[in-house]
Amino acid sequence: PMVVDSVRFLHDRFLTQGKRILVEGANAAMLDIDFGTYPFVTSSNTTIGGVFTGLGFSPQYLKETVGVVKAYTTRVGAGPFPTELKDELGEKLQNEGHEYGTTTGRKRRCGWLDMVLLKYSNDINGYDAICLTKLDV
């Protein structure tokens, strides 16, 4: 069977040998159970803390944090969205950006890039750099 103690595995095979691990988060900071816009959140930590609680290694091993940010803001489902575009431009971002939920297929709500939200996300996650995506949409 492919069952291992993941803490021991990561420490023995990677961390204590100085090898690098790339960790990817899949949800936005505002969906984080602790820091998101409750009750419109997921059931886990989608911010940097989830790396440590989910994988079981110490923050001392973290070398760099890159925030991956779209050139505009999106949200699936209900919840606050101050920069939402409820017009043709919002629909254009949906269509050209292929903004549909991966699992549900629901349309993502689209709006202007929310710099206040981005600063808040940076305050929580401590980005060393930002990778700005979807500039061509």
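Biologist: Leaving aside its neighbours within four places in sequence, with which residues is L10 in contact?

Modeller: This is a predicted model, in which local features need pLDDT of at least 70 and side-chain atom pairs count only at pLDDT 80 or more, while totals for chains, interfaces and linings use all residues. Residues are numbered from 1 along each chain as its sequence is written, and side-chain values use heavy atoms, with hydrogens and water left out. Taking contact as heavy atoms within 4.5 Å, and leaving aside neighbours within four places in sequence, L10 touches L15, I21, L55 and F57.

Biologist: Which residues form the largest nonpolar core?

Modeller: A nonpolar core is a set of buried Ala, Val, Leu, Ile, Met, Phe, Trp, Tyr and Cys residues joined through side-chain atoms within 4.5 Å, where buried means under 20% relative accessible area with a 1.4 Å probe, protein chains only. In soluble globular proteins, nonpolar side chains tend to be buried together. Here the largest such core has six residues, namely L10, L15, I48, V51, F52 and F57.

Biologist: Is T37 buried or exposed?

Modeller: T37 lies in the loop between α1 (6-13) and α2 (49-55), helices being DSSP runs of H or I with at least four residues, numbered from the N terminus. Because its relative accessibility is 19%, T37 counts as buried.

Biologist: Which side chain has a polar contact with that of T37?

Modeller: A polar contact is a pair of N or O atoms within 3.5 Å, one able to donate a hydrogen and the other to accept it. T37 is in contact with M30, R75 and P80, apart from neighbours within four places in sequence. The side chain that a polar contact of 2.8 Å joins to that of T37 belongs to R75.

Methods. Buried < 20%, exposed > 50% of the residue type's maximum accessible area, 1.4 Å probe, protein only. Helix = DSSP H or I, 4+ residues; strand = E, 2+ residues; numbered from the N terminus.
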